[in-house]
Amino acid sequence: MNHWLMKSEPDTFSIDDLKRKKREAWDGVRNYQARNFMRDEMRVGDGVFFYHSNCAEPGIAGVAKVVTDAYPDPSQFDPKSKYFDPASSRDNPRWMLVDVAFVKKLTRVITLDELKNHPKLEGMTLLRKGNRLSVMPVNAAEWTYILELE
């Protein structure tokens, strides 16, 4: 099993939204590296840290799991969608997504600042200078350590 961190802006889609909906397609990813993680490496059952980004207190707010294999993101074909991609075709879709399901909301947000202060996490992809990926891997040791911080 692999582990991941997926970012969402809480005013757009939060851990509470996922809890209410129970399951959601992770659409709108328009970065090739993030797309490749979902398309090539994510598997049903993989764990996901649900990360609130671009907010007053960015950090890990909950846990989800991958519940589908990757499939074409329908928003790329919808001319009314802000994620429309006229260069993508149904025969050769450019953008993929997975569905994620709610597992739990953490008792507190484990903030980005807190994560930065743990030497055991210094190699974490999230903490690398200049990293702006919305989907990224988390290794097993990082996963276990972060869950113990709650």
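## Strands E3 and E4

Strand E3 (residues 47–52) pairs with E4 in the antiparallel sense over 6 bridges. Phe49 has Val63 in E4 as its bridge partner. Helices and strands here are DSSP runs, numbered from the N terminus: H or I with at least four residues for helices, E with at least two for strands. Two strands count as paired if DSSP finds at least two bridges between them.

This is a predicted model, in which local features need pLDDT of at least 70, side-chain atom pairs count only at pLDDT 80 or more, and totals for chains, interfaces and linings use all residues. Residues are numbered from 1 along each chain as its sequence is written, and side-chain values use heavy atoms, with hydrogens and water left out.

## The sheet

E3 and E4 belong to an open sheet of 6 strands, in the order E2-E7-E4-E3-E1-E8, with mixed pairing. Strand E2 (23–25) and strand E8 (135–138) are the edges; each has a single partner strand, so one side of each lacks a neighbour in the sheet. On average, neighbouring strands are turned by 35° against each other, direction ignored.

E2 pairs with E7 in the antiparallel sense over 3 bridges. Ala25 has Asp99 in E7 as its bridge partner. E4 and E7 also run antiparallel, joined by 7 bridges. There, Gly62 stands opposite Lys105 in E7.

## Strand E1

E1 runs parallel to E3, and 6 bridges join them. Leu5 has Phe49 in E3 as its bridge partner. With E8, E1 pairs in the antiparallel sense over 4 bridges. Trp4 stands opposite Pro137 in E8.

E1 is mostly covered, with 6 of its 6 residues buried. Buried means under 20% relative accessible area, exposed over 50%, and partly exposed in between, using a 1.4 Å probe and protein chains only. His3, Leu5 and Lys7 are buried on one side of E1; Trp4, Met6 and Ser8 are buried on the other. Ser8 has a relative accessible area of 10%. Leaving out residues up to four places away in sequence, Ser8 touches Phe13, Trp26, Phe50, Tyr51, His52 and Ser53. Contact means heavy atoms within 4.5 Å.

## Nonpolar core

The largest nonpolar core has 38 residues, and Leu5, Met6, Ile60 and Val135 have the most contacts inside it. Strand E4 (residues 59–66) gives the largest share of this core, 5 residues. A nonpolar core is a set of buried Ala, Val, Leu, Ile, Met, Phe, Trp, Tyr and Cys residues joined through side-chain atoms within 4.5 Å.

Val135 is in contact with Leu5, Met6, Trp26, Val29, Ala34, Phe37, Met38 and Met42, leaving aside neighbours within four places in sequence.

## Largest pocket

The largest pocket holds about 920 Å³ of space. Of its 30 lining residues, Lys7, Ser8, Glu9, Ser53 and Ser134 are the closest to its centre. E1, E2 and helix H3 (112–116) are the elements that give two or more residues to the lining.

On a 1 Å grid over the protein atoms alone, a pocket is an open set of points where a 1.4 Å probe fits, with protein on both sides within 12 Å along at least five of seven lines; lining residues have an atom within 4 Å of a point. Grid points are joined across faces, edges and corners, and the volume is the space filled by probe spheres set on the points.

## Lys65

Lys65 lies in strand E4. At 38% relative accessibility, Lys65 is partly exposed. Beyond residues up to four places away in sequence, Lys65 touches Asp46, Val48, Asp99, Val100, Ala101 and Val103. Lys65 and Asp99 are 34 residues apart in sequence, yet 8.5 Å apart in space, C-alpha to C-alpha.

## Positive phi in two loops

Lys22 sits in the loop between helix H1 (15–21) and E2. Its phi is near 75°, a positive value in a residue other than glycine. Lys22 is exposed, at 58% relative accessibility.

Asn54 sits in the loop between E3 and E4. Phi of Asn54 is near 50°, again positive in a residue other than glycine. Asn54 is exposed, with a relative accessible area of 62%.

Note on methods. Axes fitted to C-alpha atoms, helices over the stretch in contact; angles between N-to-C directions.
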